Amino acid sequence: MTTISTDERILNYRQAEQVKLECMIRLDRLFPDQKSRERFDCKWKKFIEDSCNYHIYRLEGDTLSYDSEQLIPTETNGKPSLLRVLGNPASESGTGFFLKW
């Protein structure tokens with residue numbers, strides 16, 4: 001498992017599981033001026049009222065965190081790669097973005 005970088009990038013991420021990524025956006029880097037950040041904070045209050053958003057996104061100080069999934073596998077097994085996109089389950093399904101069999 002890799003660690004999340006603390007450099008000056010706006011977006012940082014680390015691989016938590018085979019397809020799961022833990023992502024962090026540094027809002028102090030994204031919104032360098034106070035007015036832009038205040039606009040974000042105002043919109044955030046409405047955005048986070050949605051129960052799906054409330055369970056996905058986390059705001060802690062200047063860091064917005066969320067989990068994501070990646071399409072490209074990090075491990076190979078010598079077989080040809082094949083990507084099949086079959087659907088997008090409802091966000092409340094709890095199975096993640098990709099369907100699991």
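What you have is a predicted model, in which local features need pLDDT of at least 70, side-chain atom pairs count only at pLDDT 80 or more, and totals for chains, interfaces and linings use all residues. Residues are numbered from 1 along each chain as its sequence is written, and side-chain values use heavy atoms, with hydrogens and water left out.

Start with helix H2, residues 34–47. Helices here are DSSP runs of H or I with at least four residues, strands are E runs of at least two, and both are numbered from the N terminus. Arg-37, Phe-40 and Trp-44 are buried in H2, where buried means under 20% relative accessible area, exposed over 50%, and partly exposed in between (1.4 Å probe, protein chains only). Looking down the axis of H2, its buried residues fall within an arc of 55°, so they line one face; the arc is taken from the directions from the helix axis to the C-beta atoms. Turned away from that buried side are exposed residues, including Lys-35, Arg-39 and Cys-42.

What do the buried residues of H2 pack against? They meet helix H1 (27–30), strand S3 (58–60) and strand S4 (63–69), with contact meaning heavy atoms within 4.5 Å.

Now for the loop between strand S1 (11–15) and S2, where Val-19 sits. Val-19 is partly exposed, at a relative accessible area of 39%. It touches Ser-68, Glu-69 and Gln-70, not counting residues up to four places away in sequence. Val-19 and Gln-70 are 51 residues apart in sequence, yet 5.4 Å apart in space, C-alpha to C-alpha.

Technical notes. Expected span 1.5 Å × (residues − 1).
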